[in-house]
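Subject: Structure handover

Hello,

Here is the structure you were to receive, followed by notes on what was found in it. Please read the notes with the structure open.

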Amino acid sequence: MTEGTTSAAAEGADTLTRLEQEGEIAADYLEGLLDIADLDGDIDMDVEADRASVSIISDSGSRDLQKLVGRDGEVLEALQELTRLAVHRETGDRSRLMLDVAGYRAKKRAELSELGAKAAAEVKSTGEPVKLKPMTPFERKVVHDAVKTAGLRSESEGEEPQRFVVVLPA
C-alpha cells in the first residue's frame with residue numbers, strides 16, 4: 001500500500017467515525033424528543049452517501065409517528081433542521097444528516113425517482129424540456145439523481161419555496 005492510499009483510507013475512516021458520531025448525537029436528541037412528546041419509536045442509524053442517516057421507526061404500526069411527519073413532510077423538515085442544529089451545537093460542524101420518520105422519506109424517494117424517470121422518458125420522446133412542480137431541496141435532489149441515471153441532465157430554477165426541476169434534452 002502506498003502512502004497516498006494509506007492516508008486516503010485513514011481519511012475515509014475518520015469521515016465514517018465523524019458521521020457515526022453525528023448519528024449518535026442525533027439519536028440522543030431524538031430519543032429525548034420522543035420522551036417529551038410521549039411517543040413510542042425506535043431509532044435506527046446508518047451512513048448513506050457520505051451522510052449520517054437517522055430513522056425513527058415503530059414496530060406497533062401506530063400512527064402516532066405521523067405527527068412527526070406532518071402535512072407534506074413539513075414537520076419532518078423542521079425536525080431534521082432542529083436535529084442538525086443539535087449536532088452542530090455538539091460538534092461545531094455543519095451537519096448534512098438526513099432524518100426519516102415512519103418510512104416517509106423512503107416512500108417519497110421511490111415516488112420521486114419514478115417521477116424523474118417518467119419526466120426523462122418524456123423528454124427523450126419529445127425532445128422538449130419538462131418543468132416539474134416546485135419541490136423541497138430533498139425532493140429536487142432525488143429527481144436530479146433519477147434524471148442523471150436515465151442519461152439526461154436537469155437543473156433547478158426559480159426561488160425558494162417555488163424552486164423546481166427542469167429536465168433537459170441530451
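Of the 170 residues of the protein chain, 33% count as buried, where buried means under 20% relative accessible area, exposed means over 50%, and partly exposed lies in between (1.4 Å probe, protein chains only). This is a predicted model, in which local features need pLDDT of at least 70 and side-chain atom pairs count only at pLDDT 80 or more, while totals for chains, interfaces and linings use all residues. Residues are numbered from 1 along each chain as its sequence is written, and side-chain values use heavy atoms, with hydrogens and water left out.

Overall layout

The chain has four helices and six strands. Both are DSSP runs numbered from the N terminus: helices are H or I with at least four residues, strands are E with at least two. In sequence order the pattern is α-β-β-α-β-α-β-α-β-β. The C-alpha trace spans about 55 × 50 × 30 Å along its principal axes. Among contacts (heavy atoms within 4.5 Å) between residues at least 6 apart in sequence, 55% join residues at least 24 apart.

The annotated region

The UniProt record, an unreviewed entry, carries the annotation "domain: R3H" over residues 106-170. Such positions are given in the numbering used here, feature names are shortened, and annotations may be inferred rather than shown by experiment. This span is 52% helix and 23% strand, and its end C-alpha atoms lie 29 Å apart.

The sheet and its helices

Three strands make an open, antiparallel sheet in the order 4-6-5; two strands pair if DSSP finds at least two bridges between them. Strand 4 (130-134) and strand 5 (153-157) are at the edges with a single partner strand each, so one side of each has no neighbour in the sheet. On average, neighbouring strands of this sheet are turned by 20° against each other, direction ignored. Strand 5 and strand 6 (residues 164-168) run antiparallel and are joined by five bridges. Glutamate 155 has valine 166 in strand 6 as its bridge partner.

Two helices pack on this sheet. Helix 3 (residues 104-126) touches strand 4 and strand 6, and its direction makes about 155° with that of strand 4. Helix 4 (residues 137-149) touches strand 4, strand 5 and strand 6, at about 160° to the direction of strand 5. For these angles, axes are lines fitted to C-alpha atoms, for helices over the stretch in contact, and values run from 0 to 180 degrees between N-to-C directions.

Salt bridges

Side chains of opposite charge can pair when their charged atoms come close. With a salt bridge taken as a side-chain nitrogen of Lys or Arg within 4 Å of a carboxyl oxygen of Asp or Glu, the count comes to nine.

One of them joins arginine 18 and glutamate 22 (3.1 Å, N to O). Both lie in helix 1 (residues 3-37), four residues apart, about one turn of the helix. Arginine 18 is partly exposed at 34% relative accessibility, whereas glutamate 22 is buried at 3%.

Arginine 84 and glutamate 81 form another, with the closest N and O atoms 3.1 Å apart. These two residues lie in helix 2 (residues 74-91), three residues apart. Here arginine 84 is buried at 16% and glutamate 81 partly exposed at 39%.

Glutamate 139 and lysine 108 also meet in a salt bridge (3.5 Å, N to O). This pair links distant parts of the chain, with glutamate 139 in helix 4 and lysine 108 in helix 3, 31 residues apart. Glutamate 139 is buried at 10% relative accessibility, and lysine 108 is buried at 18%.

Regards
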